[in-house]
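Q: Please take a close look at the aromatic ring pairs in this model. Which residues take part, and how are the rings set against each other?

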Amino acid sequence: MKAPQTPILLAFAALLIGAMSSTAVSGAFNSGADHEDLHRRAADHDTWMREYLMPAGGIMSAQFTDDSYTQVKSYGGERDPAIWTGAYLAAQALRLQVTGAADAADQLAETVRVLHRWWRISGDAGYLARFAAPADSSEVILATLPADDPEVIRDVLYEDALWHWRGRVSRDQYQGVLLGMSLAYEATSDPDIRQLIREDVVRFAEQLMRRERKRVKVIINGSSNFSTMLELQHAVYTDDETPDGIPILNIRTSPFEAEGSGVLGFWPNPAEIVRQIPGLGWLPDVLLPSQAIQLAATFRVALQVTAGVPGYEVRHAALLAHYDAQIDEWIEIATTWKNTNRCGDTYHGLNVAFMPMYNWVRLEDDPVRRARLQRDVLRDALWSAVKDHKNVFFSFLYSAQAAPEDAVEAIMESHLAQLALFPSPPQTAEPIDVRSKYPADPECPGLSALATDVDDRPGATFLWERQPWKLVDPGAPEVAFAGVDYLLAYWLGREAGFIDGNARVAVAKTGTGDGTVTSSPPGIDCGGTCAADFDLGSNIVLQAVAAPGSVWTGWSGDPSCPYLYPLEGDNDCVAAFESSPGGETRIEAAVLPYARAVGIGETATAFASLINSGDATATGCSIALPGGLPATFTYQTTDSGNALIGTPDTPVEIPPGATQGFVFGITPSRALAATEIPLVFDCTNTAPAFSRAGLNTFILSAAATAPPDLLAVGVTPSGDGVVRLPSRNGTGFFATAAVNIGSAGTVTASADDGGHGLPLGLRICETNAAGDWQVCGSSLTRTLAADQTVYYTVLVTGTGQPVTFDPAMNRLFLRLQAAGVNVGATNVAVTAP
């Protein structure tokens with residue numbers, strides 16, 4: 001293990017030790033489904049999907065080498081990753097909204113970055129790739145992008161590397177992406193991720209708004225072939241799909257159809273375009289309600305991501321003007337929606353109406369329009385067509401946005417029962433023959449007259465877009481599907497309150513001593529409240545604090561206590577407190593820096609000092625993690641210059657009055673929200689050191705993509721880590737330098753008193769290295785590059801009341817956050833006469 005050698009840490013390590021020396025004195029429906037089982041199944045599908053079925057970040061199916069399903073032989077569904085990756089993003093966004101889980105935020109951010117690349121890789125405004133992968137990917141991934149496939153564009157320079165990507169995108173691919181991006185924009189607090197979403201959605205919508213005259217090659221009924229100038233709108237283009245860069249429009253007049261190459265139109269009435277072509281002026285209106293829904297939903301999402309955003313006022317106004325000018329017509333066309341499937345032949349078309357309809361209804365802010373969408377389109381057109389299909393996803397989309405008078409309780413109960421039939425991962429392509437269970441449909445050979453149950457259907461990448469009447473299917477050996485269909489339905493149900501998402505956490509105390517146990521997020525405060533319900537999938541941390549004359553000695557109960565990462569069911573945790581032993585040998589501890597942020601699998605290192613403030617030698621002194629944290633731990637002694645000495649992970653003796661330095665490292669194995677870890681400092685002949693937040697605790701966060709990681713140290717004018725106000729109304733300050741040893745990112749600095757309600761006013765100012773003030777406020781946000789150092793001064797003003805000199809309790813904290821997660825912190829003591 002390598003010790004951190006940042007000069008700012010070495011220069012100020014003694015300050016915290018000096019300060020330490022002075023402290024030696026839900027509304028769910030009853031479907032009969034096991035809600036914990038439903039949650040565990042979602043977690044299992046999520047894990048399995050990430051491990052096997054997300055090549056280059058995109059959702060696919062796969063054929064495996066054998067029925068152990070551990071080695072991918074080939075990927076399938078290579079034309080549909082965009083829609084299903086967008087659906088996965090939607091599921092992670094809903095999970096983040098419900099649970100606040102750190103790994104949900106991490107997966108959300110990473111998936112937005114993947115889709116952002118797919119939006120941009122063609123270089124054409126608003127044109128979405130179906131899939132993209134680096135040119136040096138594994139052979140099994142590259143096999144999905146063969147050189148002889150006319151949809152594949154290879155060796156494109158993007159982000160300083162060569163990529164291959166699949167084009168000829170269809171309208172359905174956009175629907176999953178826009179669903180995911182809208183929900184992700186609501187769920188994330190990361191301004192950088194929000195900006196990526198905003199850039200992509202607005203670029204797409206503004207391209208759709210653009211009215212252009214273009215030369216188009218026209219093919220009519222497969223024979224007539226000529227070029228003409230057309231005025232086009234609500235379309236995206238790419239010149240990668242046509243030999244000479246001129247879009248091609250293929251038109252069939254009976255039955256009408258208009259599809260393009262190099263152009264993709266979102267045309268609720270394509271006859272308006274086609275009537276410009278010589279000889280086709282006679283064509284009557286051709287209303288396409290699904291495209292009206294898709295187009296309206298796109299602009300609603302664009303308005304969502306630009307509302308109230310500085311610098312986007314003019315663009316937001318233009319988007320709104322376009323929407324307002326078109327919306328009445330789009331609603332009228334949408335109300336004509338009908339299920340035109342014959343024997344389930346194009347059932348997937350229902351899904352790409354339901355997805356954008358959910359966005360449109362959810363985001364429509366005009367109450368009259370929203371009421372009409374709820375009743376005339378969502379309920380009377382879409383839902384009425386599928387209400388007996390046992391389609392869990394459609395039922396949740398409808399019920400979550402249903403008109404107030406619509407009774408959805410019975411719908412939810414029956415469809416939750418269907419969701420409970422969904423298989424655990426891997427979702428395989430097993431053969432089915434259910435002819436003996438369901439009556440045959442005399443008008444549709446091979447199909448049932450009734451929708452089959454979910455567990456009687458063939459596997460699929462997205463079950464809810466597949467017709468539910470199939471009676472016989474041969475299956476496909478060793479093929480497995482991603483389970484994003486279960487994941488999205490489950491988290492939609494959780495977010496809407498249709499699925500019970502609570503688990504009980506109960507705390508007991510034992511031993512001869514006493515103390516309190518609290519939870520983060522709040523709910524447990526024991527003493528008084530020793531049990532509470534929390535959201536399944538959320539990250540719960542229990543914190544034990546010993547009372548005076550007692551020491552906390554550890555946790556027992558369920559193995560995950562006190563770090564319930566994530567909460568997967570009811571938990572019982574026991575905190576042990578013992579009376580402080582007599583005798584003169586006692587230890588105190590300090591940690592520096594106070595907070596780190598790393599990638600999953602990376603090691604966060606920090607310094608610790610253990611002080612023997614007693615009269616006898618402390619023996620067998622060591623540092624450890626409390627139980628339950630998903631991380632490995634190591635420590636090693638250092639000399640007075642912070643150089644490593646001794647043997648890793650070996651307890652040592654500390655003479656009376658002496659201080660022993662350590663370096664420790666924590667390597668998280670999964671995503672962590674910023675977690676305050678009460679490190680266990682203990683010797684064989686002493687009680688453990690008292691845990692003091694900010695003195696000997698350590699805040700750690702972890703994400704799959706390494707975040708900013710700021711090493712921060714505060715210094716006071718007195719040089720001893722204490723801000724001393726000159727009077728009860730006076731002003732003092734402490735200064736901080738923080739160096740970002742992690743990734744670039746947007747960081748917000750704020751100051752607080754750790755929730756102790758001290759009678760002080762706090763204001764933070766950014767300075768330069770010379771101490772010149774740049775900007776001040778209650779909090780400050782700025783972008784930091786990797787290896788950049790930033791300087792802050794926190795002004796502390798009294799309000800006429802004393803602040804007792806108690807450096808263990810009365811402390812001020814400077815916290816540095818990225819996307820709402822602590823990525824750096826420091827703290828000092830404070831007193832006022």
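A: Y127 is buried, at a relative accessible area of 1%. Buried here means under 20% relative accessible area, with exposed over 50% and partly exposed in between (1.4 Å probe, protein chains only). W165 is buried too, at 0%. The ring centres of Y127 and W165 lie 6.5 Å apart with planes at 70 degrees, so this pair is edge-to-face. Y127 sits in the loop between α4 (102-120) and β3 (131-134), and W165 in strand β5 (residues 161-166), so the pair links parts of the chain 38 residues apart.

Some ground rules. The model is predicted: local features need pLDDT of at least 70, side-chain atom pairs count only at pLDDT 80 or more, and totals for chains, interfaces and linings use all residues. Numbering starts from 1 along each chain as its sequence is written, and side-chain values use heavy atoms, leaving out hydrogens and water. Rings of Phe, Tyr and Trp (its six-membered ring) pair if their centres lie within 6.5 Å; planes under 30 degrees apart count as stacked, over 60 as edge-to-face and the rest as tilted. Helices (H or I, at least four residues) and strands (E, at least two) are DSSP runs, numbered from the N terminus.

The structure holds 32 aromatic pairs. One of them joins Y52 and F64, edge-to-face, at 5.8 Å centre to centre and 75 degrees between the planes. Y52 belongs to helix α2 (residues 35-52) and F64 to strand β1 (residues 61-64), so the pair ties together parts twelve residues apart in sequence. Y52 is buried at 15%, and F64 is buried at 1%.

Ring pairs also build a cluster: W84, Y347, F354, F393, F394, F462 and W469.
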